[in-house]
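Hello,

Here is the structure you will be working with. Please open it first, then read the notes below.

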Amino acid sequence: MAISIVPRPAHVTHYGGRYDETLCPLTYRADPSLPAEGYRITLRADGGEAAYADDGGRFYAAQTLRQLRAPDGTYPCVCIEDAPRYPYRAFMVDSARHMQSVAQLKTLIEAAALLKFNRFHWHLTDDQGWRMESQSFPRLNEISAWRACDGFLNDDGVRYGGCYTREEIRDIVAFCAERQITVIPEIDMPGHMVALLAAYPDLSCTGRVTAVSTHAGIHKDVLCVGKDATFQMMTRLLDEVCDLFPGEWVHIGGDEVPPQRWQNCEDCRARMRRLGVTDPAALHSDFINRIAAYLKAKGRRAVTWNDTLKGGDLDRDVVVCNWMDKTGRCIDRANSGGLVIEEDFFHYYLDYPYGMTPLRKTYGFDPMRAGLTEIGRANVIGVETPIWTEFVRDFKQLCFMCFPRMLAVAERGWTPPQLLNGKDFAARARALLPLLQTIGITAAPPKTWDPRALGRWKGLAQHYCRVLRVAHENRGVEEA
Ligand SMILES: [Zn+2]
(Lines give C-alpha, C1' and ligand atoms only; values in the text may rest on other atoms or scores of the structure.)
Protein backbone atom coordinates (compact mmCIF):
# COMPACT_ATOMS: atom_id res chain seq x y z
CA MET A 1 0.00 0.00 0.00
CA ALA A 2 1.35 3.44 -0.93
CA ILE A 3 1.96 5.84 1.92
CA SER A 4 0.84 9.46 1.92
CA ILE A 5 3.38 12.03 3.11
CA VAL A 6 3.98 15.67 2.13
CA PRO A 7 6.68 16.43 1.14
CA ARG A 8 7.19 13.11 -0.59
CA PRO A 9 10.20 11.25 0.90
CA ALA A 10 13.23 10.44 -1.25
CA HIS A 11 13.19 6.62 -0.80
CA VAL A 12 10.49 4.29 0.53
CA THR A 13 10.67 0.48 0.81
CA HIS A 14 7.51 -1.40 1.79
CA TYR A 15 7.83 -4.50 3.99
CA GLY A 16 4.13 -5.27 4.49
CA GLY A 17 2.35 -5.65 7.85
CA ARG A 18 1.91 -3.16 10.69
CA TYR A 19 4.18 -1.80 13.39
CA ASP A 20 2.60 -1.06 16.75
CA GLU A 21 4.50 1.47 18.84
CA THR A 22 2.72 0.46 22.05
CA LEU A 23 4.05 -3.09 21.78
CA CYS A 24 7.69 -2.19 21.01
CA PRO A 25 8.61 1.49 21.46
CA LEU A 26 10.47 3.30 18.72
CA THR A 27 14.09 4.16 19.42
CA TYR A 28 16.02 7.16 18.13
CA ARG A 29 19.73 6.90 17.24
CA ALA A 30 22.22 9.42 15.87
CA ASP A 31 23.88 8.39 12.61
CA PRO A 32 26.41 10.99 11.41
CA SER A 33 26.78 9.14 8.08
CA LEU A 34 23.36 10.45 6.98
CA PRO A 35 23.16 13.69 4.93
CA ALA A 36 22.37 17.02 6.65
CA GLU A 37 18.78 17.16 7.98
CA GLY A 38 18.39 13.54 6.85
CA TYR A 39 16.87 10.57 8.63
CA ARG A 40 16.13 6.87 8.13
CA ILE A 41 13.03 5.33 9.68
CA THR A 42 12.83 1.53 9.82
CA LEU A 43 9.50 0.08 10.98
CA ARG A 44 8.97 -3.69 11.20
CA ALA A 45 6.40 -5.73 13.08
CA ASP A 46 9.03 -6.52 15.74
CA GLY A 47 10.47 -3.03 16.24
CA GLY A 48 10.98 0.52 15.06
CA GLU A 49 14.02 2.76 14.79
CA ALA A 50 14.64 6.32 13.62
CA ALA A 51 18.25 7.16 12.76
CA TYR A 52 19.06 10.82 12.22
CA ALA A 53 21.92 12.98 11.00
CA ASP A 54 21.39 15.97 13.31
CA ASP A 55 18.69 17.81 15.28
CA GLY A 56 16.91 18.65 12.03
CA GLY A 57 16.93 15.02 10.91
CA ARG A 58 15.53 13.89 14.25
CA PHE A 59 12.74 16.46 14.06
CA TYR A 60 11.87 15.55 10.45
CA ALA A 61 11.74 11.85 11.29
CA ALA A 62 9.15 12.74 13.91
CA GLN A 63 7.15 14.83 11.39
CA THR A 64 7.12 11.93 8.93
CA LEU A 65 5.94 9.56 11.69
CA ARG A 66 3.21 12.06 12.59
CA GLN A 67 1.86 11.84 9.03
CA LEU A 68 2.38 8.07 8.81
CA ARG A 69 0.51 7.18 11.99
CA ALA A 70 -2.93 5.59 11.45
CA PRO A 71 -5.87 6.60 13.69
CA ASP A 72 -5.48 3.30 15.57
CA GLY A 73 -1.89 4.23 16.50
CA THR A 74 -0.17 1.75 14.18
CA TYR A 75 2.15 2.38 11.24
CA PRO A 76 2.78 0.56 7.97
CA CYS A 77 6.03 -1.46 8.00
CA VAL A 78 8.40 0.56 5.83
CA CYS A 79 11.91 1.86 5.50
CA ILE A 80 12.07 5.59 4.65
CA GLU A 81 15.41 7.15 3.80
CA ASP A 82 15.04 10.85 3.39
CA ALA A 83 16.87 14.17 3.16
CA PRO A 84 16.04 17.57 1.67
CA ARG A 85 16.96 18.66 -1.82
CA TYR A 86 17.55 22.29 -0.73
CA PRO A 87 19.00 23.58 2.55
CA TYR A 88 16.73 26.69 2.50
CA ARG A 89 12.95 26.16 2.65
CA ALA A 90 11.04 29.25 3.76
CA PHE A 91 7.66 30.84 4.14
CA MET A 92 7.22 34.60 4.50
CA VAL A 93 4.44 36.38 6.35
CA ASP A 94 3.62 40.06 5.95
CA SER A 95 2.61 41.22 9.43
CA ALA A 96 2.90 44.90 8.49
CA ARG A 97 -0.17 45.38 6.28
CA HIS A 98 -2.31 43.16 8.49
CA MET A 99 -1.13 41.57 11.72
CA GLN A 100 -1.62 38.03 12.92
CA SER A 101 -1.93 37.24 16.62
CA VAL A 102 0.92 35.33 18.27
CA ALA A 103 -1.39 32.29 18.54
CA GLN A 104 -2.21 32.47 14.82
CA LEU A 105 1.45 32.74 13.88
CA LYS A 106 2.18 29.70 16.04
CA THR A 107 -0.54 27.73 14.25
CA LEU A 108 1.01 28.62 10.91
CA ILE A 109 4.52 27.79 12.16
CA GLU A 110 3.29 24.44 13.48
CA ALA A 111 1.88 23.57 10.03
CA ALA A 112 5.06 24.76 8.30
CA ALA A 113 7.16 22.58 10.61
CA LEU A 114 5.02 19.57 9.74
CA LEU A 115 5.91 20.29 6.08
CA LYS A 116 9.64 20.52 6.93
CA PHE A 117 10.07 24.25 6.26
CA ASN A 118 13.14 25.52 8.12
CA ARG A 119 13.00 29.33 7.76
CA PHE A 120 10.34 31.88 8.72
CA HIS A 121 10.92 35.19 6.94
CA TRP A 122 8.99 37.70 9.03
CA HIS A 123 8.11 40.93 7.18
CA LEU A 124 7.78 43.28 10.16
CA THR A 125 7.77 46.78 8.69
CA ASP A 126 6.28 48.56 5.72
CA ASP A 127 4.69 51.81 4.59
CA GLN A 128 1.45 50.86 6.35
CA GLY A 129 2.75 49.79 9.73
CA TRP A 130 5.67 49.13 12.08
CA ARG A 131 5.36 45.87 14.04
CA MET A 132 8.58 45.45 16.04
CA GLU A 133 8.52 47.09 19.46
CA SER A 134 11.53 49.37 19.77
CA GLN A 135 13.30 50.28 23.00
CA SER A 136 15.40 53.08 21.53
CA PHE A 137 12.70 54.69 19.39
CA PRO A 138 9.35 54.67 21.26
CA ARG A 139 7.70 56.84 18.57
CA LEU A 140 7.81 53.75 16.34
CA ASN A 141 5.51 51.96 18.80
CA GLU A 142 3.29 54.98 19.40
CA ILE A 143 3.01 56.48 15.90
CA SER A 144 4.47 54.18 13.22
CA ALA A 145 2.51 51.14 14.42
CA TRP A 146 -0.86 52.81 13.81
CA ARG A 147 -2.75 53.88 10.69
CA ALA A 148 -6.02 55.73 10.25
CA CYS A 149 -7.99 52.88 8.64
CA ASP A 150 -7.93 49.10 8.38
CA GLY A 151 -8.69 48.33 4.73
CA PHE A 152 -6.80 49.86 1.79
CA LEU A 153 -9.64 50.25 -0.70
CA ASN A 154 -11.73 52.82 1.13
CA ASP A 155 -11.51 54.78 4.36
CA ASP A 156 -13.39 52.65 6.89
CA GLY A 157 -12.36 54.95 9.73
CA VAL A 158 -11.18 52.01 11.84
CA ARG A 159 -7.84 52.87 13.47
CA TYR A 160 -5.62 49.87 12.91
CA GLY A 161 -2.31 48.69 14.30
CA GLY A 162 -0.13 47.61 17.18
CA CYS A 163 3.25 45.96 17.36
CA TYR A 164 4.67 42.72 18.68
CA THR A 165 6.28 43.28 22.07
CA ARG A 166 9.87 42.19 22.61
CA GLU A 167 8.55 39.40 24.81
CA GLU A 168 6.18 38.18 22.07
CA ILE A 169 8.98 38.26 19.52
CA ARG A 170 11.26 36.21 21.76
CA ASP A 171 8.38 33.78 22.29
CA ILE A 172 7.93 33.31 18.52
CA VAL A 173 11.68 32.88 17.99
CA ALA A 174 11.80 30.20 20.72
CA PHE A 175 8.68 28.45 19.37
CA CYS A 176 10.32 28.30 15.93
CA ALA A 177 13.65 27.08 17.32
CA GLU A 178 11.92 24.12 18.98
CA ARG A 179 10.68 23.22 15.48
CA GLN A 180 14.00 23.63 13.67
CA ILE A 181 12.88 26.91 12.13
CA THR A 182 15.14 29.97 12.09
CA VAL A 183 13.40 33.34 11.98
CA ILE A 184 14.71 35.85 9.43
CA PRO A 185 13.34 39.28 10.42
CA GLU A 186 12.85 41.90 7.74
CA ILE A 187 13.22 45.63 8.29
CA ASP A 188 12.52 46.89 4.78
CA MET A 189 14.76 49.86 3.82
CA PRO A 190 15.32 52.39 2.28
CA GLY A 191 11.91 52.15 0.57
CA HIS A 192 8.66 50.96 2.18
CA MET A 193 9.51 53.23 5.12
CA VAL A 194 6.55 55.64 5.26
CA ALA A 195 5.40 54.29 8.67
CA LEU A 196 8.80 55.09 10.21
CA LEU A 197 8.97 58.44 8.42
CA ALA A 198 5.59 59.43 9.86
CA ALA A 199 7.27 59.37 13.29
CA TYR A 200 10.69 60.62 12.14
CA PRO A 201 9.99 62.90 9.13
CA ASP A 202 13.48 64.40 9.37
CA LEU A 203 14.81 61.16 7.87
CA SER A 204 12.89 61.74 4.63
CA CYS A 205 14.27 63.93 1.85
CA THR A 206 11.48 66.49 2.14
CA GLY A 207 10.85 66.42 5.91
CA ARG A 208 7.16 66.44 5.08
CA VAL A 209 5.87 62.90 5.65
CA THR A 210 2.90 63.24 7.97
CA ALA A 211 1.06 59.92 8.32
CA VAL A 212 1.38 56.15 8.14
CA SER A 213 0.15 55.08 4.71
CA THR A 214 -3.38 53.74 4.27
CA HIS A 215 -3.06 52.51 0.69
CA ALA A 216 -1.16 49.85 -1.24
CA GLY A 217 1.46 50.33 -3.96
CA ILE A 218 4.87 51.93 -4.26
CA HIS A 219 5.45 55.12 -2.29
CA LYS A 220 7.65 57.97 -3.44
CA ASP A 221 8.73 58.87 0.08
CA VAL A 222 11.74 56.79 1.09
CA LEU A 223 14.60 57.18 3.56
CA CYS A 224 16.95 60.03 2.77
CA VAL A 225 20.21 58.16 2.25
CA GLY A 226 22.20 61.39 2.01
CA LYS A 227 21.84 62.13 5.72
CA ASP A 228 24.16 60.55 8.29
CA ALA A 229 21.27 60.50 10.79
CA THR A 230 19.48 57.93 8.61
CA PHE A 231 22.36 55.49 8.71
CA GLN A 232 22.74 56.05 12.47
CA MET A 233 19.10 55.27 13.20
CA MET A 234 19.05 52.21 10.94
CA THR A 235 22.13 50.74 12.60
CA ARG A 236 20.70 51.33 16.08
CA LEU A 237 17.51 49.59 14.95
CA LEU A 238 19.52 46.70 13.58
CA ASP A 239 21.26 46.42 16.95
CA GLU A 240 17.81 45.84 18.44
CA VAL A 241 16.96 43.34 15.67
CA CYS A 242 20.16 41.37 16.32
CA ASP A 243 19.41 41.37 20.03
CA LEU A 244 15.94 39.85 19.45
CA PHE A 245 16.74 37.47 16.57
CA PRO A 246 19.71 35.13 17.10
CA GLY A 247 19.74 33.77 13.51
CA GLU A 248 22.65 34.86 11.33
CA TRP A 249 20.59 36.30 8.49
CA VAL A 250 18.76 39.65 8.61
CA HIS A 251 16.57 40.77 5.71
CA ILE A 252 16.94 44.47 4.90
CA GLY A 253 14.44 44.66 2.03
CA GLY A 254 15.80 46.98 -0.63
CA ASP A 255 12.84 46.58 -2.98
CA GLU A 256 10.80 49.15 -4.90
CA VAL A 257 12.73 52.36 -4.28
CA PRO A 258 11.64 55.17 -6.62
CA PRO A 259 14.48 57.67 -7.27
CA GLN A 260 12.47 60.92 -7.47
CA ARG A 261 12.99 62.15 -3.90
CA TRP A 262 16.73 61.46 -4.01
CA GLN A 263 17.10 63.27 -7.32
CA ASN A 264 15.56 66.38 -5.83
CA CYS A 265 17.33 66.28 -2.45
CA GLU A 266 20.44 68.33 -1.66
CA ASP A 267 21.77 65.75 0.81
CA CYS A 268 21.29 62.83 -1.58
CA ARG A 269 22.80 64.74 -4.50
CA ALA A 270 25.79 65.68 -2.36
CA ARG A 271 26.31 62.04 -1.47
CA MET A 272 26.12 61.04 -5.14
CA ARG A 273 28.78 63.64 -5.95
CA ARG A 274 31.04 62.32 -3.19
CA LEU A 275 30.57 58.80 -4.56
CA GLY A 276 31.19 60.05 -8.11
CA VAL A 277 27.94 58.53 -9.43
CA THR A 278 24.95 59.93 -11.29
CA ASP A 279 22.62 56.92 -11.27
CA PRO A 280 20.31 56.71 -8.21
CA ALA A 281 20.63 52.91 -8.46
CA ALA A 282 24.28 53.33 -7.45
CA LEU A 283 23.19 55.39 -4.44
CA HIS A 284 20.83 52.56 -3.55
CA SER A 285 23.66 49.99 -3.78
CA ASP A 286 25.89 52.20 -1.67
CA PHE A 287 23.29 52.39 1.10
CA ILE A 288 22.57 48.65 1.04
CA ASN A 289 26.29 47.85 1.01
CA ARG A 290 26.93 50.13 4.00
CA ILE A 291 24.11 48.45 5.97
CA ALA A 292 25.32 44.99 4.88
CA ALA A 293 28.86 45.87 6.05
CA TYR A 294 27.48 46.99 9.41
CA LEU A 295 25.69 43.67 9.81
CA LYS A 296 28.77 41.76 8.70
CA ALA A 297 30.84 43.46 11.40
CA LYS A 298 28.29 42.12 13.91
CA GLY A 299 28.70 38.60 12.55
CA ARG A 300 25.45 38.73 10.58
CA ARG A 301 24.59 38.43 6.91
CA ALA A 302 22.24 40.68 4.94
CA VAL A 303 19.44 39.35 2.72
CA THR A 304 17.66 41.59 0.18
CA TRP A 305 15.08 41.47 -2.61
CA ASN A 306 16.56 41.27 -6.11
CA ASP A 307 15.89 44.99 -6.79
CA THR A 308 19.26 45.66 -5.11
CA LEU A 309 21.10 44.08 -8.07
CA LYS A 310 20.16 47.04 -10.28
CA GLY A 311 23.03 49.23 -9.07
CA GLY A 312 25.56 46.68 -10.27
CA ASP A 313 27.99 46.40 -7.36
CA LEU A 314 26.07 44.71 -4.57
CA ASP A 315 28.37 43.22 -1.92
CA ARG A 316 29.17 39.63 -2.81
CA ASP A 317 27.98 38.21 0.52
CA VAL A 318 24.47 39.68 0.36
CA VAL A 319 21.89 36.92 -0.20
CA VAL A 320 19.34 37.79 -2.91
CA CYS A 321 15.65 36.82 -2.99
CA ASN A 322 14.50 36.52 -6.60
CA TRP A 323 10.88 37.66 -6.70
CA MET A 324 10.74 39.54 -10.02
CA ASP A 325 13.76 39.56 -12.31
CA LYS A 326 13.10 40.24 -15.97
CA THR A 327 16.72 40.86 -16.89
CA GLY A 328 18.43 37.70 -15.63
CA ARG A 329 20.47 39.51 -12.99
CA CYS A 330 19.74 36.77 -10.45
CA ILE A 331 21.07 34.13 -12.84
CA ASP A 332 24.27 36.14 -13.32
CA ARG A 333 24.45 36.61 -9.56
CA ALA A 334 24.24 32.86 -8.87
CA ASN A 335 26.63 32.02 -11.70
CA SER A 336 29.18 34.45 -10.29
CA GLY A 337 29.07 33.04 -6.77
CA GLY A 338 26.21 34.88 -4.96
CA LEU A 339 23.53 33.00 -3.03
CA VAL A 340 20.00 33.22 -4.48
CA ILE A 341 16.60 32.21 -3.06
CA GLU A 342 13.76 31.58 -5.53
CA GLU A 343 10.34 33.04 -4.72
CA ASP A 344 8.89 33.79 -8.12
CA PHE A 345 5.99 36.24 -8.13
CA PHE A 346 3.94 34.34 -10.73
CA HIS A 347 4.19 30.99 -8.92
CA TYR A 348 4.93 31.53 -5.23
CA TYR A 349 3.07 34.74 -4.27
CA LEU A 350 0.17 33.23 -2.36
CA ASP A 351 -1.88 36.39 -1.96
CA TYR A 352 -3.03 36.02 -5.59
CA PRO A 353 -6.19 34.05 -6.33
CA TYR A 354 -6.18 30.40 -7.38
CA GLY A 355 -7.57 31.56 -10.75
CA MET A 356 -4.27 33.33 -11.41
CA THR A 357 -1.96 30.95 -9.55
CA PRO A 358 -3.57 27.51 -9.43
CA LEU A 359 -2.02 24.77 -7.30
CA ARG A 360 -0.61 22.96 -10.34
CA LYS A 361 1.20 26.14 -11.41
CA THR A 362 2.82 26.62 -7.98
CA TYR A 363 3.76 22.94 -7.94
CA GLY A 364 5.20 23.06 -11.46
CA PHE A 365 7.69 25.88 -10.88
CA ASP A 366 11.29 24.74 -11.20
CA PRO A 367 13.69 26.99 -9.25
CA MET A 368 16.57 25.81 -11.43
CA ARG A 369 16.10 28.37 -14.17
CA ALA A 370 17.54 28.15 -17.66
CA GLY A 371 20.93 29.82 -17.92
CA LEU A 372 22.32 28.63 -14.59
CA THR A 373 25.77 27.08 -14.79
CA GLU A 374 26.85 24.25 -12.51
CA ILE A 375 28.16 26.85 -10.05
CA GLY A 376 24.95 28.84 -10.41
CA ARG A 377 22.82 25.79 -9.64
CA ALA A 378 24.79 25.19 -6.45
CA ASN A 379 24.15 28.82 -5.41
CA VAL A 380 20.38 28.57 -5.74
CA ILE A 381 19.97 27.45 -2.14
CA GLY A 382 16.23 27.00 -2.01
CA VAL A 383 12.69 28.25 -2.21
CA GLU A 384 10.47 30.67 -0.32
CA THR A 385 6.78 31.46 -0.56
CA PRO A 386 5.39 34.80 0.66
CA ILE A 387 1.90 35.75 1.76
CA TRP A 388 1.40 39.53 1.46
CA THR A 389 -1.52 40.90 3.42
CA GLU A 390 -2.73 44.15 1.84
CA PHE A 391 -5.93 42.30 0.95
CA VAL A 392 -5.55 39.27 3.24
CA ARG A 393 -7.11 40.75 6.33
CA ASP A 394 -7.77 37.80 8.60
CA PHE A 395 -6.28 34.43 9.47
CA LYS A 396 -9.10 32.43 7.88
CA GLN A 397 -8.38 34.01 4.51
CA LEU A 398 -4.64 33.66 5.03
CA CYS A 399 -5.04 29.90 5.55
CA PHE A 400 -7.29 29.67 2.47
CA MET A 401 -4.60 31.32 0.33
CA CYS A 402 -1.63 29.43 1.81
CA PHE A 403 -3.05 25.92 1.91
CA PRO A 404 -2.54 23.80 -0.06
CA ARG A 405 -0.13 25.96 -2.12
CA MET A 406 2.40 26.01 0.75
CA LEU A 407 2.43 22.21 0.51
CA ALA A 408 3.50 22.48 -3.14
CA VAL A 409 6.42 24.75 -2.25
CA ALA A 410 7.40 22.45 0.62
CA GLU A 411 7.55 19.49 -1.74
CA ARG A 412 9.56 21.43 -4.36
CA GLY A 413 12.04 22.40 -1.64
CA TRP A 414 12.44 18.88 -0.27
CA THR A 415 11.72 16.11 -2.78
CA PRO A 416 14.10 14.92 -5.54
CA PRO A 417 12.78 16.39 -8.83
CA GLN A 418 12.39 13.01 -10.52
CA LEU A 419 9.77 12.06 -7.90
CA LEU A 420 7.57 15.13 -8.43
CA ASN A 421 4.14 14.26 -9.80
CA GLY A 422 1.24 16.71 -9.70
CA LYS A 423 -1.58 14.19 -9.64
CA ASP A 424 0.02 12.09 -6.93
CA PHE A 425 0.80 15.27 -4.97
CA ALA A 426 -2.79 16.54 -5.10
CA ALA A 427 -4.03 13.20 -3.69
CA ARG A 428 -1.51 13.38 -0.83
CA ALA A 429 -2.40 17.03 -0.19
CA ARG A 430 -6.08 16.02 0.16
CA ALA A 431 -5.11 13.22 2.55
CA LEU A 432 -3.24 15.70 4.78
CA LEU A 433 -6.22 18.06 5.24
CA PRO A 434 -7.59 16.38 8.42
CA LEU A 435 -4.19 16.58 10.15
CA LEU A 436 -3.88 20.26 9.14
CA GLN A 437 -7.37 20.78 10.54
CA THR A 438 -6.33 19.37 13.93
CA ILE A 439 -3.48 21.92 13.97
CA GLY A 440 -6.01 24.69 13.29
CA ILE A 441 -5.56 25.19 9.55
CA THR A 442 -8.60 25.17 7.28
CA ALA A 443 -7.32 24.85 3.72
CA ALA A 444 -9.09 25.97 0.57
CA PRO A 445 -11.54 23.23 -0.51
CA PRO A 446 -10.12 20.92 -3.25
CA LYS A 447 -12.57 22.17 -5.89
CA THR A 448 -10.91 25.61 -5.80
CA TRP A 449 -7.31 24.40 -6.16
CA ASP A 450 -7.11 24.09 -9.94
CA PRO A 451 -9.85 26.03 -11.67
CA ARG A 452 -10.12 24.54 -15.14
CA ALA A 453 -13.71 24.68 -16.32
CA LEU A 454 -14.81 28.20 -15.54
CA GLY A 455 -17.54 28.02 -18.18
CA ARG A 456 -18.96 31.35 -19.19
CA TRP A 457 -16.93 33.15 -16.55
CA LYS A 458 -13.66 31.97 -18.04
CA GLY A 459 -13.11 35.07 -20.20
CA LEU A 460 -13.87 37.39 -17.32
CA ALA A 461 -11.59 35.46 -14.93
CA GLN A 462 -8.74 35.55 -17.44
CA HIS A 463 -9.24 39.26 -17.96
CA TYR A 464 -9.20 39.84 -14.19
CA CYS A 465 -5.97 37.86 -13.83
CA ARG A 466 -4.34 39.77 -16.69
CA VAL A 467 -5.29 43.11 -15.16
CA LEU A 468 -3.93 42.03 -11.77
CA ARG A 469 -0.70 40.83 -13.31
CA VAL A 470 -0.12 43.96 -15.39
CA ALA A 471 -1.04 46.13 -12.43
CA HIS A 472 1.51 44.35 -10.28
CA GLU A 473 4.27 44.24 -12.88
CA ASN A 474 3.98 47.94 -13.59
CA ARG A 475 2.95 49.02 -10.12
CA GLY A 476 2.62 52.70 -10.75
CA VAL A 477 4.30 55.06 -8.40
CA GLU A 478 1.85 57.36 -6.65
CA GLU A 479 1.69 60.98 -7.57
CA ALA A 480 3.57 63.40 -5.35
ZN1 LIG B 1 17.70 62.79 0.56
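Cys-265 and Cys-268 are both buried, where buried means under 20% relative accessible area, exposed over 50% and partly exposed in between, with a 1.4 Å probe and protein chains only. This is a predicted model, in which local features need pLDDT of at least 70 and side-chain atom pairs count only at pLDDT 80 or more, while totals for chains, interfaces and linings use all residues. Residues are numbered from 1 along each chain as its sequence is written, and side-chain values use heavy atoms, with hydrogens and water left out.

The zinc ion is coordinated at 2.3 Å by the SG atoms of Cys-205, Cys-224, Cys-265 and Cys-268. Donors here are N, O and S atoms within 2.8 Å of the metal (3.2 Å for Na, K and Ca); water is not among the atoms, so sites may look incomplete. Along the chain the donors follow the spacing C-x18-C-x40-C-x2-C. The arrangement is tetrahedral because the angles subtended by the four donor atoms are 106 to 114°; for four donors, the term requires all angles to lie between 85 and 135 degrees.

Next, Ile-375. Ile-375 lies in helix α13, residues 374–379 (helices are DSSP runs of H or I, at least four residues, numbered from the N terminus). Ile-375 counts as exposed because its relative accessibility is 54%. Leaving aside neighbours within four places in sequence, Ile-375 is in contact with Ala-334 and Asn-335, contact meaning heavy atoms within 4.5 Å. Between Ile-375 and Met-324 there are 22 Å in space, C-alpha to C-alpha, and they are 51 residues apart in sequence.

Regards

Notes. Helix = DSSP H or I, 4+ residues; strand = E, 2+ residues; numbered from the N terminus. Tetrahedral: all angles 85-135°; square planar, octahedral: opposite > 155°, others 65-115°.
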